[in-house]
Amino acid sequence: MIHRRNVLTSILAVAFVGGAAAQTPAPRIPVTASFSIVADLVREVGGDRIEVSALVGPGQDAHVYQPTPADARTISQAKGIFINGLHFEEFMGRLIKTAGAKAPVFRAAAGFEPLKASGKHSHGDHKGHSHGDFAPDPHAWHSVPNVKAYVGNISKGLAQIDPDGATVYAQRAAAYIEKLDALDREIRAAVEDIPKERRIAVTTHDAFAYLAREYGIQFVTLQGVSTDTEISAAGLGKTIREVKARKAPAVFIENITDPRKIERLSKETGAKLGGTLYSDALSKADGPAPTYIELMRHNIRQLKQALAP
Amino acid sequence: MEGIASLLAPFAEFGFMRRALAGCVALSVSAPLIGVFLMLRRMSLVGDAIQHAILPGAALGYLVAGLSLGAMTLGGLVAGLAVALLAGLITRTTNLREDTAIATFYILSLALGVTLLTARGTNVDVLRVLFGSVLALDDATLLLMTGVSSITVLALALFLRPMVLEFADSGFLRSVSAAGGAMHFLFLGLAVLNMVAAFHALGTLLSIGIMILPAATARLWTNDLTRLMASSVAIALASCSVGLVASYHLELASGPAIILVAGCVYMASILAGRAGGLLPRLIPRRHLEG
């Protein structure tokens, strides 16, 4: 039965491609992604068959996002809704309810072991931040193996809302996963070029725990895991002491947060300013990180440049 | 002695604490003086409206030039002055009273400011704009704050007499000289300058606090203008220092901590203030017995 259906979809897919070449292209299936990174992955897997819109666009911060009426319309017209999950999109549940969206919701971040949000990098003085103490850390896309799971889940989700495209999605997902494997090797090679004792970076918010676990770069952070908590004087003081004590070579600005505190930190600790890391959002198309793969490449390049002697 | 040393240790250890203190001292020397005059002219609420108007101005500056101190300051100055003048104009030309005119500006400014800030997927932190970032004062901001403070003190020293005269009886000075109107605008200009300086450290919502709270507190203790000015500055200086130290040791947000300390002094003065406090008024004075 399954076999016959696959053959059928292949024939349909061929017919579709042939027809599309001859006539006007078939209307794309509208799907919504919660933020720019998941949107990029959905686009990679969905290709021409789908039209992806992201609620939280490039350069925007999902922690402080405010839904607009246009977002409610977008989401109510979508045939499928793709989110990161792991409590990253706290606005999503209410938005889906108020918008009356009927489309199925697919969580991309599933099929691997999530880290706890209050891991070894939190400083203990950010209790009560919005993610709670036992919540998982949602920033799982900073580990490429996790994103391979994301891609599998997205492919399954797309096949569910568009069974005719299932083979196309599976093929595209497989091709993309090959690119991800190459990216993974690239990152590991870059980390190898940084001496072990210099693999410490300082960032504004605790977004890189997965990168830390996967690739062995340690991160000291200024804020807790969410950008919506303001650091206290004591918190900033502790961070300065920690950065000095661990001799972190460089501090990094993130694309979604105010750079002034981290500049202050750099001046006060003598750690050099290491450029911008893209944590929770892609850059605009003309920026250095317009796609997920470019984002990871950009980040590891910045880290290597600043940390390697 | 050791206790005091450990209380002050963060200032010795961290540059950002010294910068926060320096910025606060600069603010405390001039902003409460403006507050005293705002209070005497019954313009405290106007001050609040002007303070809010700085937000959309600064946001516009941000949209045009990014996180640039110059553009945000200039935008704030222009918008603050515009509202200071417009609020007066509306009161004089329509049937709305001043308090209504002020309330409308105040809320429109806040809405416009936040809309502008969030308009184009920005990475500036709205919280930081509303509540300031006294812990992240860079060189340029500190220079701006100390500069504004110096200009204010200098201008007040030069023009204190005509200004007091204008404020005490605006009809009189205007009848004998053209300086009356000029004094009014000079004062408004100084007020907006101070508010923009305070905006960088304490944000839109809190910065008026460092002007009005010390002035109101001082008013509860004395009727004399010179003492009023001196004690409001002293109260502001004390509130800033205690607030910063408390925010460090108790792990509180620094801006609100400073204003809360000023608020505690104010509350205590409402009870105990010799010139207008509750208790001295309730307790019968000796000369009434005789």
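Which secondary structure makes up chain B, and where in chain B is Met39(B) found? Is Met39(B) buried or exposed, and with which residues is Met39(B) in contact beyond its neighbours within four places in sequence?

Analyst: The secondary structure of chain B comes to 14 helices and 0 strands. Read along the sequence, the pattern is accordingly α-α-α-α-α-α-α-α-α-α-α-α-α-α. This is a predicted model, and what follows is computed from it.

The overall dimensions of chain B provide the setting. Its C-alpha atoms fill a box of roughly 70 × 60 × 35 Å along the principal axes. The radius of gyration is 20 Å, which agrees with the value near 19 Å that a compact globule of 290 residues would have. Of these 290 residues, 47% count as buried. Among contacts between residues at least 6 apart in sequence, 71% join residues at least 24 apart.

Met39(B) is found in helix α2 of chain B, which covers residues 15–40. The residue is classed as buried because 20 other C-beta atoms lie within 10 Å of its own, and the cut-off for that class is 20 or more.

The contacts of Met39(B) can be taken next. With neighbours within four places in sequence left aside, Met39(B) is in contact with Ser44(B), Ile212(B), Ala215(B), Ala216(B) and Arg219(B). Ser175(B) provides a further reference point: Met39(B) and Ser175(B) are 136 residues apart in sequence, and their C-alpha atoms are 24 Å apart in space.

Chain A may be set beside this account. In chain A, 4 strands form an open sheet with parallel pairing, in the order β2-β1-β3-β4. Its edge strands are β2 (50–56) and β4 (105–107), each of which pairs on one side only. Neighbouring strands of this sheet are turned by 25° against each other on average, direction ignored. Strand β3 (residues 80–83) of chain A pairs with β4(A) in the parallel sense over 3 bridges, and Ile83(A) stands opposite Arg107(A) in β4(A).

Helices lie across this sheet. Helix α2 (residues 36–46) of chain A lies across β1 (29–35), β2 and β3 of chain A, running at about 150° to β1(A). Helix α5 (residues 144–161) of chain A lies across β1, β2, β3 and β4 of chain A, and runs at about 170° to β3(A).

Methods:
Residues numbered from 1 in each chain as written. Chains lettered and ligands numbered in written order. Predicted model: local features only at pLDDT ≥ 70, side-chain atom pairs only at ≥ 80, totals over all residues. Helix = DSSP H or I, 4+ residues; strand = E, 2+ residues; numbered from the N terminus. Buried ≥ 20, exposed ≤ 12 C-beta atoms within 10 Å, placed from the backbone. Contact = placed C-beta atoms within 7 Å. Pairing = 2+ DSSP bridges. Axes fitted to C-alpha atoms, helices over the stretch in contact; angles between N-to-C directions. Rg over C-alpha atoms; globule rule 2.2 N^0.38 Å.
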